[in-house]
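I opened a two-chain model today and kept notes as I went. The entries are in the order of my look-ups.

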Amino acid sequence: MSKRVLVVSHAHPDFSKGGAEVAAYNLFKAVPDIKGWDAHFLARHGIPALQRGNAISISHNGGNETLFANETDHFYFNLTQPERTMPWFRSFLKGVKPDVVHFHHYWQVGLELLGEVKRHSPKTAVVVTLHEFLAVCSQHGQMLKTNGQLCRKSSDAECHACLPGRPPRDYFLRKRYLQTFFHYVDHFVSPSEFLRERYIEWGIPAEKISVIENGLPMHGAVTDVATPAATASEEESRVMRFGYFGQVNPFKGIDLLLSAAALLPKAIQKKVSIEVHGGGLEHQPEEFRYKVEKLLADAPKCVRYYGPYSQDDLPSIMGNVDWVVMPSIWWENSPVVIQESYKFKRPLIVGDIGGMAEKVKHEETGLHFRARNAFDLARVIQRAVTEPGLWDRLHAGIKPPLSSTDCADIHTTLYNQILDRLQSQAAA
Amino acid sequence: MSGNKGVMGQFLKSLLPKSDDLAAVPSVAHVAAVESDSRMPAEVEPSSIEPLASGSDAGIGQELPVAVGPVAAPSQLQCYADSLVAIRKPAGLLISGWIADGSGDATDAALKSEGRLVASSAWVFRYPRPDVATYLDAANDAPNAYGFACFLPATDVPDDADAALHLRCGEAEFSIQVAIGSGNRDAYAIGALQGVWYAASEQLLTHFGSLPAEIMTAVVGPMPTSLRLHVDNCIPAGDHSVVINGWCAALNKAPLEVYFVDELTLEATRVDQTWERTLRADVAEALKDQGPINRHCGFVCVAPVGSAESLGNLALYFVSGSSIGRWPLLPPAPLKPRPNTELLLGMFGKTQMHMDSMMRQLGPAIETALPLRPIARDVQGDLRWFGTAPKNPKATIIIPVWRKADLLRYQLAALSTISAEKRPEIIIAIDDPALEESIVGSGDDWLARFGMPFAIYSCGYNLGFVEQLKSAASVARGDVLVLMHSDVLPDQADWLEQLLAVFDRQPRCGVVGPKLLYEDGSIHSEGLLRVRVAPWPQMVDLERVNNGHPNAARPTALRRVDAVPSACLLVKRRLFEVLGGFDNRYLLEDEFAVADFCARAEQIGYVTLLQPSVAMRHLEGHSWDAYVAEEPFLADINWRHKVHLYNCWRHAQRLAQAGGRAA
């Protein structure tokens, strides 16, 4: 009889394309490929039109996918309606009978569900994949202070200084409270070492967190697309293309890239094409919107703003740039853009901090620049354009990203270890 | 008091020294009489004073309706009647005045009106009149002058009548013309008696001691002018005592006795030998122009009262020589325990020079003035379960809640990590009726969120920490009571298991507590030790062991301590019951109540242990603003210190009573 993992996600990728829900869904889809395992997917939604009467959950896509209507607060990640959600979840667990419940994210899911799994059965393993620094940082989980500075470690006093609306004690209590729920977790998964270390500093025992990169479905992969850069040195007149992919928001550093473009020497500007692929600017704060719009208006001709793209378009647009630029001004965790770049064997230019610096090996699979520094970004872009053989060397250093199947294999191995341990503890 | 006819006089007389001693005692009142006698201006020629119109409506403090006449005989005799007053009870006439150059003491007096004998008396008493003597000395070559007063019993005293007062003075007999007035005779009597009170208290008491008490108490006073005093507070302390504080400064060196008198029962307590003198530099400064004033002229004393009815009938009596002065004490405000406790604490001198003796005065008073709350045994609480109560719990966690309940959510979440098979009974004991609705209203939410059964216990009263705990303990089922403030969060999931194990390993252990940490991880306490308070060795303080130290590389071995903080402790329920729970006469600082309990447990062979391998976070001060809202004086650090000193004093007293080890 197969073991069963219930993958719980804060969203379903059919409705939202965030990295966490995509990673969760990829895992769910890949687990059945591993012998002796099957999976069920439970995704939270907040879409009223999906609800059927007072029912909390509905099936989705047929088979093993369930959606449940739910909300949490943004400070404690607690259910807003525990009296409804908890009995339903209890009942749901009885029906699915999972051996492992694997939560991707706890935001919008509800931390109380962690404890409910253990009350349902102490032998059921609880695994949580940490996707952001939400527990560590109540400033959107980004460890980016309200004054724009990077935050390196949370503390009651510093959190209060950053977000003075609450006294320091609230941050102490929040941490203790969240840790109380984390007590029920048998093991944590972090997609990056950087994020793992932040959570260890915050209080999770090191032995309880493993790093497992998010898996990427490799079907349709263009593993070695045409390499326009390979001919660049032969054709001096050819323009080198740099691509920005992702949401256009204050944290992703689009303004930094546009500033860097303006700082490039004229001669270099003529040799580059900086392409911005991403949407969402219209949803950003007015101040940021104005800034980006002005930068775009004043940008040199080498800058082109293409707007949103779909995942299906990615092979053509990412496959047609030479470099992928990630100018994020925050740490990042394990950006899917980096994995996608590797999938298309595109070297990256990234800030030298956090998950970006970890995932992109300087001078091996890409180049680092001093994060949050437009001058240095311009310098690195200039180097990428002018240094012969650089692109080829970095391109050659790129390995394919972890596939969903391999990722599922690693996960199920971990599940088995945890289940064995729980069984031993129960026997003892 | 009107029913005490005659008793007041006897009582007052009892305050006076024996007559034999009087001659040797310089009289404050003697001086006072000179200073205060406005009825004998020096420039007035006694013999030239014209008779006053009879029937004057003068009242107390004004010239009395006295008619006086020139001396009739003998010619060298000078006589003057200051007052003639008809008194209803005992019926008769009170006449006072002075005589100079008499050949002997006046011994008989008679009053005739229109030839008819109105009244007569075989006694006339004399008293010093230095004012008259001083005046006549200058005018008439040192005549022998003295005051006289007599009471002539009479049942039928005419109003508004002219009369002749016949006096026998040695061999001489003479008469002076007087007029009998009408009007408020009690008031006139009081005025007349006051005129001679300081000069002749004893004689007046001898002859007029049977006057109604209200007249006598009005007569006795005001204070002699050589005495300055003020009573700042008269505070009920329990049902049978009051605390009085104020200041009293004598401008001369005359001996002074001060009595606290319950005028309802006429119980007098001499207080000047036992009262505590306090520094009153303000008084000394204010009176510096009037003579040298002792800077420690303040006083605090505790005095007994017969009953609550006595509170409106209290006075201080000042006895100096043969004089008695009275300072009526305003009826104390109705019993208001908190303000009264606050006032009592406020009586601690800022320098605390005499803290120990101050505490002897005030400590018992504070104990009895503490808020009178319902007692646990008298109230019936309701226990409401959320979820199913655990079967046969080994321990019962009691969480008292007062004023703030916002940390309960965090605490219950933390407690929910205790595995189901080891789950204790959890009782949230609401000691604040105002919180009951919100806590009960959150019950279902907490149960759903944390999946852990718990009960809410409420009496509908604010019993106070000690009584509420006692009340909640009465419904507990665990053999071990875990007292846990709502601002305590465990650091580890197996905290309860580890602490309970101490009882199994150490049968003599009655109380065990964990190490407490502040939220920043530094040490709140590793148990409590009793220590002497350096300036006042009769007080016992509680020292938080290693308070404020970093929590690094600390020993983790189980060890003995004098007590553990009230924030979190485990106590055997049977022991708790046998000792009657915690003592409820400490102020605000629950640690003393626990230390008191531990000391009593020690007396019967139990020990208190600290298990440092278990750490709990204590968010101390979380409820402080609520405390200050309730007791605003606590916002002042000096007040907090006073509260603390009181507790130190009480702890020392209790240890001494129990014969326990102090420090």
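The notes below run from ground rules to chains, interface and selected side chains.

**Ground rules.** This is a predicted model, where local features need pLDDT of at least 70, side-chain atom pairs count only at pLDDT 80 or more, and totals for chains, interfaces and linings use all residues. Residues are numbered from 1 along each chain as its sequence is written, chains are lettered from A and ligands numbered from 1 in the order written, and side-chain values use heavy atoms, without hydrogens and water.

**Chain totals.** I began with secondary structure, taken as DSSP runs numbered from the N terminus (helices H or I, at least four residues; strands E, at least two). Chain A has 16 helices and 14 strands. Chain B has 18 helices and 29 strands.

Next I checked burial (buried is under 20% relative accessible area, exposed over 50%, partly exposed in between; 1.4 Å probe, protein chains only). In chain A, 57% of the 428 residues count as buried. In chain B, the share is 56% of 663 residues.

I then read off accessible surface (Shrake-Rupley method, 1.4 Å probe; for residues, only the protein chains shown count as cover). Chain A comes to about 17800 Å², and chain B exposes about 27000 Å². Carbon and sulfur atoms supply 51% of the surface of chain A and 51% of that of chain B.

**Interface.** How many residues does each chain bring to the contact? I found 17 from chain A and 22 from chain B, with contact meaning heavy atoms within 4.5 Å. The two chains bury about 1800 Å² between them, 54% of it on carbon and sulfur atoms. Buried area here is the accessible area (1.4 Å probe) lost on putting two parts together, summed over both.

I looked for salt bridges (a side-chain nitrogen of Lys or Arg within 4 Å of a carboxyl oxygen of Asp or Glu). The rule finds three across the interface. One that I noted joins E112(A) and R449(B), with the closest N and O atoms 2.3 Å apart. Helix 2 (82-96), helix 3 (112-120) and helix 5 (168-182) of chain A each supply at least two residues of the side that touches chain B. Helix 5 gives the largest share, seven residues.

**Helix 6 of chain A.** I listed the buried residues of helix 6 (residues 193-202): F194(A), L195(A), R196(A), R198(A), Y199(A) and W202(A). They pack against helix 5, strand 7 (187-190), strand 8 (209-211) and helix 13 (354-359) of chain A. G203(A) follows the helix with a positive phi, near 140°.

**Salt bridges in chain B.** Over all chains, I get 46 salt bridges. K470(B) pairs with E467(B) at 3.4 Å, N to O. Both lie in helix 13 (residues 465-473) of chain B, three residues apart, about one turn of the helix. Is E467(B) buried or exposed? E467(B) counts as buried, at 4% relative accessibility, while K470(B) is partly exposed at 24%.

I also looked at R650(B) and D583(B), whose closest N and O atoms are 2.9 Å apart. R650(B) lies in helix 18 (residues 637-658) and D583(B) in the loop between helix 15 (573-578) and helix 16 (590-603) of chain B, so the pair ties together parts 67 residues apart in sequence. Both residues are buried. Salt bridges with shared partners join D583(B), D596(B), R600(B), R650(B) and R654(B) into one network.
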